[in-house]
Amino acid sequence: MQSLLVPTAAACAAPSSAPRPRPGRVSVRASASAAAAAAPPRRETDPKKRVVITGMGLVSVFGNDVDAYYDRLLAGESGVGPIDRFDASKFPTRFAGQIRGFSSEGYIDGKNDRRLDDCLRYCIVSGKKALESAGLALGSDAMGKIDKARAGVLVGTGMGGLQVFSDGVQNLLEKGYRKITPFFIPYAITNMGSALLGMDIGFMGPNYSISTACATSNYCFYAAANHIRKGEADVMIAGGTEAAIIPIGVGGFVACRALSQRNDDPKTASRPWDKERDGFVMGEGAGVLVMESLEHAMKRGAPIVAEYLGGAVNCDAYHMTDPRADGLGVSSCIRQSLQDAGVAPEEVNYINAHATSTLAGDLAEMNAIKQVFKDPSGIKVNATKSMIGHCLGAAGGLEAIATIKAINTGLVHPSINQFDREPAVEFDTVPNVKVEHEINVGISNSFGFGGHNSVVVFAPFKP
């Protein structure tokens with residue numbers, strides 16, 4: 001694939017067909033490009049186009065409460081442990097960030113709860129909890145005043161309803177097609193989380209899902225914000241959900257040789273940037289934000305917890321699973337996100353890294369960060385996955401919440417399991433202990449199989 005980027009000999013020898021500027025004249029296009037490059041970044045000021053965060057909801061290995069989730073991250077607690085949802089004794093990886101004791105009581109009725117795949121359950125619960133924190137609980141006066149035609153849902157997933165899909169295939173092979181549940185297709189497809197949540201709350205605006213592997217959540221935030229900026233929606237519920245810690249999910253990533261095999265000490269297995277890292281640790285859950293135009297949020301007196309300044313998405317166009325070693329796709333994505341946000345690199349002082357604990361990925365990301373941020377002093381870079389594992393399509397959602405909580409609290413959670421850090425890592429990765437840090441602008445990175453890159457930019461809200 002790289003050969004496509006190299007001009008052929010014939011192309012190099014061929015004369016250019018592009019008109020050359022005459023001597024003594026200045027190219028208008030070149031002048032405009034130079035002026036744009038020299039212009040200082042400008043943040044959005046139109047309250048119809050400024051996007052703010054008014055609610056957060058999650059389902060995580062640390063429970064379903066946002067504050068409790070962040071408290072446990074600040075404490076440097078690992079949520080990783082042995083898999084007991086199924087017999088993993090014959091798998092080379094027998095641990096994960098598995099959710100235990102999840103309850104949807106009060107958010108999903110019992111009959112539907114028994115049918116739904118966990119991917120859908122996590123989506124619905126996190127979405128409704130996000131609305132509650134935004135002051136838009138179902139049945140409330142505030143919710144009743146929302147223009148439902150201008151309110152949408154954009155919650156994506158990398159894997160979809162994997163348990164329902166796996167059960168359906170097993171029934172087909174063992175019992176025949178008559179034993180496939182009629183919910184097999186609806187509950188397996190990736191758009192159903194957004195659809196069911198929209199049905200429950202009555203939101204009739206943009207409603208779909210995006211599936212870009214582990215970059216999914218950030219892609220959803222970016223798209224949701226653009227719906228608001230273009231005037232197509234006033235409020236969007238956006239994020240990601242995932243529930244792949246089942247035999248076929250674990251087995252699939254084992255086959256990719258992507259997972260850590262540190263079975264003797266699972267809690268130290270996820271160790272981004274450490275010399276002894278040996279792969280990522282699977283996690284699961286959902287992370288969802290309520291995003292609104294500033295104008296809409298102010299009119300209804302919403303609690304504003306942060307501002308979404310901008311974002312960007314692009315593709316490495318390089319390899320299905322490996323990152324570009326030169327970091328070109330990621331560094332370009334970071335620069336594009338800052339341009340969209342109206343932010344100079346010097347304003348950024350916090351990065352929630354993708355940092356999955358893989359041999360190639362951790363350093364490729366750090367190389368890209370160094371290309372954009374020349375001076376590492378004053379910038380904190382941390383890895384949420386060191387504690388909750390890699391939640392795939394939900395990772396960006398849970399990490400966006402961690403980013404916003406860092407902005408709100410002035411406390412940055414540690415990257416745990418930092419025993420012997422790679423010498424090429426020049427940034428402060430907040431090893432093992434939380435730090436106080438007033439965030440000016442923070443970015444959150446998420447990258448996925450297929451070379452999908454995504455970066456979103458958050459900051460404290462200032463009227």
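**View 1. Tyr308 and Phe458, two buried rings.** Here "buried" is under 20% relative accessible area, exposed is over 50%, and partly exposed is in between, using a 1.4 Å probe and protein chains only. Tyr308 and Phe458 make an edge-to-face aromatic pair, with 6.1 Å centre to centre and 75 degrees between the planes. Tyr308 sits in strand β8 (residues 306-315) and Phe458 in strand β14, so this pair ties together parts that are 150 residues apart in sequence. Helices (H or I, at least four residues) and strands (E, at least two) are DSSP runs, numbered from the N terminus. One housekeeping note: this is a predicted model, where local features need pLDDT of at least 70, side-chain atom pairs count only at pLDDT 80 or more, and totals for chains, interfaces and linings use all residues. Residues are numbered from 1 along each chain as its sequence is written, and side-chain values use heavy atoms, with hydrogens and water left out.

**View 2. Other aromatic pairs, including Phe183 with Tyr187.** Rings of Phe, Tyr and Trp (its six-membered ring) pair if their centres lie within 6.5 Å; planes under 30 degrees apart are stacked, over 60 edge-to-face, and the rest tilted. That rule gives seven aromatic pairs. Phe183 and Tyr187 are a stacked one, at 5.0 Å centre to centre and 20 degrees between the planes. Phe183 is partly exposed at 27% relative accessible area, while Tyr187 is buried at 7%. Elsewhere, ring pairs join Phe253, Phe280 and Phe449 into a cluster.

**View 3. The largest pocket, with about 640 Å³ of space.** On a 1 Å grid over the protein atoms alone, a pocket is an open set of points where a 1.4 Å probe fits, with protein on both sides within 12 Å along at least five of seven lines; lining residues have an atom within 4 Å of a point. Grid points are joined across faces, edges and corners, and the volume is the space filled by probe spheres set on the points. Of the 36 lining residues, Thr321, Pro323, Thr358, Gly361 and Phe449 lie nearest the centre. Helix α14 gives the most to the lining, with six residues; β13 (442-448) and β14 (452-459) each supply at least two. The lining splits into 15 nonpolar, 14 polar and seven charged residues.

**View 4. His354 and Lys385, in contact with each other.** Contact means heavy atoms within 4.5 Å. His354 is in the loop between β9 (350-352) and α14, and counts as buried at 9% relative accessibility. Leaving out residues up to four places away in sequence, His354 also touches Cys214, Glu365, His390, Asn445, Ser446 and Phe447. Lys385, in helix α15 (residues 385-388), is buried too, at 1%. Beyond four places in sequence, the contacts of Lys385 include Ser270, Thr356, His390 and Glu399.

**View 5. Strand β7 (residues 285-293), with nine of its nine residues buried.** In a regular strand the side chains alternate between the two faces of the sheet. Both faces of β7 are covered: Gly285, Gly287, Leu289, Met291 and Ser293 on one side, Ala286, Val288, Val290 and Glu292 on the other. Strands pair if DSSP finds at least two bridges between them. Strand β1 (residues 51-59) runs antiparallel to β7 over eight bridges, with Leu58 opposite Gly287. Strand β6 (residues 235-242) also pairs with β7 in the antiparallel sense over eight bridges, and Ile237 stands opposite Val290.

Notes. Ala, Val, Leu, Ile, Met, Phe, Trp, Tyr, Cys and Pro count as nonpolar, Asp, Glu, Lys and Arg as charged, and the others, Gly among them, as polar.
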